[in-house]
Amino acid sequence: MIVQYTLAQSVDAGTLTTGRLVGAVAALVALAGVVAGALAVARHRRRGATAALATGVAGMAAGGIVVAMAEGGPGTGYGIVGGFAALAIGLVAAALGGLGLARARARA
């Protein structure tokens with residue numbers, strides 16, 4: 001009973017746990033992919049589209065690991081919010097990267 005209570009306790013909002021750090025970094029990597037993908041789509045550049053696709057997939061992978069390893073919900077310090085954000089933002093980055101690659105192929 002005591003173990004379940006200690007696992008369910010929430011962590012202060014200002015506490016930076018490992019899960020929160022990894023989730024935030026994964027979301028930032030995915031966000032960089034969105035920026036690269038938007039620039040690649042606007043400028044028809046294959047290199048930027050490839051970078052967007054790679055960073056989007058990397059952000060989704062890291063976010064998925066954080067979500068899979070989390071043992072509690074939001075506010076418990078496991079980084080599940082950042083993990084879900086990384087999954088969503090990484091999906092957008094991968095879609096923009098794929099669109100950028102398709103446009104670069106059509107232009108070439």
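The following dialogue asks how terms are applied to one predicted model.

Tutor: In this predicted model, local features need pLDDT of at least 70, side-chain atom pairs count only at pLDDT 80 or more, and totals for chains, interfaces and linings use all residues. Residues are numbered from 1 along each chain as its sequence is written, and side-chain values use heavy atoms, with hydrogens and water left out.

Student: What is the average pLDDT of the protein, and where is confidence lowest?

Tutor: pLDDT is the predictor's confidence in each residue, from 0 to 100. The protein averages 88, and 90% of the residues score at least 70. Confidence is lowest in helix 1 (residues 2-8), with a mean of 53, and highest in helix 3, at 95. Where pLDDT is low, the predicted coordinates should not be read in detail.

Student: How many helices and strands does the protein have?

Tutor: Helices (H or I, at least four residues) and strands (E, at least two) are DSSP runs, numbered from the N terminus. By that rule the protein has four helices and zero strands, and its pattern along the sequence is α-α-α-α.

Student: What span is expected of helix 2, and what span does helix 2 reach?

Tutor: The expected span of a helix is 1.5 Å times one less than its number of residues. Helix 2 (residues 18-43) has 26 residues, and 38 Å is expected. From first C-alpha to last, helix 2 reaches 37 Å, close to that value. Just after helix 2, histidine 44 takes a positive phi of about 55 degrees.

Student: Why is valine 25 called partly exposed?

Tutor: Buried means under 20% relative accessible area, exposed over 50%, and partly exposed in between (1.4 Å probe, protein chains only). Valine 25, in helix 2, has 44% relative accessibility, so valine 25 counts as partly exposed.

Student: Why does valine 29 get that label?

Tutor: Valine 29 also has its place in helix 2. Its relative accessibility is 31%, so valine 29 counts as partly exposed.

Student: Which residues of helix 2 are buried, and what do they pack against?

Tutor: Among them are Gly19, Ala26, Ala30, Gly33 and Val41. The buried residues of helix 2 pack against helix 3 (46-69) and helix 4 (80-107). In the whole protein, buried residues make up 33% of the 108 residues.

Student: What share of the contacts with a separation of 6 or more joins residues 24 or more positions apart?

Tutor: Contact means heavy atoms within 4.5 Å. Residues 24 or more positions apart account for 72% of those contacts.
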